[in-house]
Amino acid sequence: MSMPDSNLTAHIMTVFEHQRLIMHDFSYISDFQWLIAQELSVFSIKRKQGQWQLKVGHYIGVIVMPSGMILEILPKLIGNTASSPTQQSCQPNKPLADTDIFQTRHWVQNMLSDLMNSDDDKSPHSKNFGQFSSPLIALPVAALPLSDWLITQFLQRLAHHQPITHYQTQIHNQTALQGRLLIKEQLRHNSMQPHKFVCERSVLSKGMLANRIIKSALKLLAPLLSQSNLLLYLQPWQQVSVLHQYEIRQLASIYFQAKHELAIQPLQAQQLQAAQQLVDFAYWLLCQSHAETGHSIDSQNPFHKKLTPQRLCLLIDMNQAFEQWASQRIALFFQQLSDDYKPLFQTQRVWLNDAEGQACLSIRPDLLIYKQIHSSAENTAMYDNYVSQAKDAREKHSRHYSHVIDIKWKHLAHASAISASDAYQLSSYAQAYQAEQVWLVYPVQDDQRQAVVLKQDTQDTYNSENASYAQLWLIPFNVLTATINTDLLPTQDVV
């Protein structure tokens, strides 16, 4: 399999989340002007000290600019104020540290690999990231830019897949009799032109929706390939058309139709799995490209008569990605401790009702952990037969929640840095779920940060003696190892 063109790799401009960019940060001023004109929601535009600034929002991803330069957006450096991108934006001549860039690329690519390899249908946002199970290419010492990594993952799957052909029923009104003559249609349409025939026949076609989704993703990634590689990979797909714009606007519906079409094809199990994985990946790429982040000048603006062509723009919401990744890894941590621990991802429940019982406010924690209660062996069969019909309705009411977990993509320098809104949210979760512990999980880049328990201070002696408060924990999640720093917690406090 051919790798991305090395010349493209050399044309990478790497920036960090929340970094402020000015015109002189760009090799080509026209790129800066183009980004301002696009009004991408990933950037906020400000004018400060007589010059325009673009501040990167909470997205990571890849944007191909008009000059051919690739803008790579990486997550913010967690707790590294010495090399803060915010400070560096004021010093355009000072390059970003290679170690910071390589380290961040490593863990971001590990995060995306985990999300893509998730086989848990209950995992949050799974429709946005897709599900993949094939082994991924090992990361090199100097991690690839996100653009090269993404195209490599896609081509790795595409290299072992050919467009799927299937017989498609077509009806034509033509001068030659081919296939089955449709008598009713013939009488209706050709009573005055007997030299024509309404025929139905099966034609071998490559126009399946799955093929068209894959072809659309390949065309999307075309700017990341050299011309020779692009022609090589496009060759088997020449007879496949890309999705139209109105189909792109209904991408989710098209995707599910494509999955259904694939499922009924007479394919071997391994071939079907490979095709489904490639379609999932292609769908995910198209979703990130056409998310509500914008990638062209607003066509409804009457002052922009001439529209610029759409360019590759893959953007991932970092808040959502980190929440999903940490949820997945923490759920795995509890399941490794005991099979009795079961996760619930972003389960919504009504918290407050009015006097008539109407729902007023709902809550949705990122992750709930509950313990599954087992009956004794002697009573298990009798118990199962008795409650089988009412099990689903009663299950959620009988669960004992051990942990309610909220996950934030934010830096906490110390315990006192917790915001009042986060503290109120944790307290609300503790009250609503009557859990033993409530966690606020936040990212770190080391294994030295300690977990901290927060104790509620009360002046009411009666309440302090008789009320039972859940433990509120601040739990560090090490993005470099994709684990919580559990070694810093006594075992009895964790579970």
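**Confidence, sheet and helix packing in the predicted model**

Where pLDDT is low, the predicted coordinates should not be read in detail. For the chain, the mean pLDDT is 78, and 75% of the residues reach 70 or more.

The structure is a predicted model, in which local features need pLDDT of at least 70 and side-chain atom pairs count only at pLDDT 80 or more, whereas totals for chains, interfaces and linings use all residues. Residues are numbered from 1 along each chain as its sequence is written, and side-chain values use heavy atoms, with hydrogens and water left out.

Helices (H or I, at least four residues) and strands (E, at least two) are DSSP runs numbered from the N terminus. An open sheet of 3 strands is ordered β2-β4-β3 with antiparallel pairing, where two strands pair if DSSP finds at least two bridges between them. Its edge strands, each pairing on one side only, are β2 (20–21) and β3 (43–48). The antiparallel pairing of β3 with β4 (residues 51–56) extends over 6 bridges, and Lys46 has Gln53 in β4 as its bridge partner. Helix α2 (residues 29–38) packs on this sheet and touches β2, β3 and β4, its direction making about 70 degrees with that of β4.

Axes are lines fitted to C-alpha atoms, for helices over the stretch in contact, and angles run from 0 to 180 degrees between N-to-C directions. Helix α4 (residues 98–117) packs against helix α13 (residues 318–337) at an angle of about 65 degrees, with the axes 10 Å apart; the two are therefore roughly perpendicular to each other (65 to 115 degrees; under 35 is roughly parallel, over 145 roughly antiparallel and the rest oblique). The contact is made by residues including Trp107 and Met111 of α4 and Phe322 and Trp325 of α13, and its residues divide into 7 nonpolar, 3 polar and 2 charged (nonpolar: Ala, Val, Leu, Ile, Met, Phe, Trp, Tyr, Cys and Pro; charged: Asp, Glu, Lys and Arg; polar: the others, Gly among them).

The axes of helix α8 (residues 209–220) and helix α12 (residues 269–289) come within 9 Å and cross at roughly 50 degrees, which makes α8 oblique to α12.

Terms used
Contact means heavy atoms within 4.5 Å. pLDDT is the predictor's confidence in each residue, from 0 to 100.
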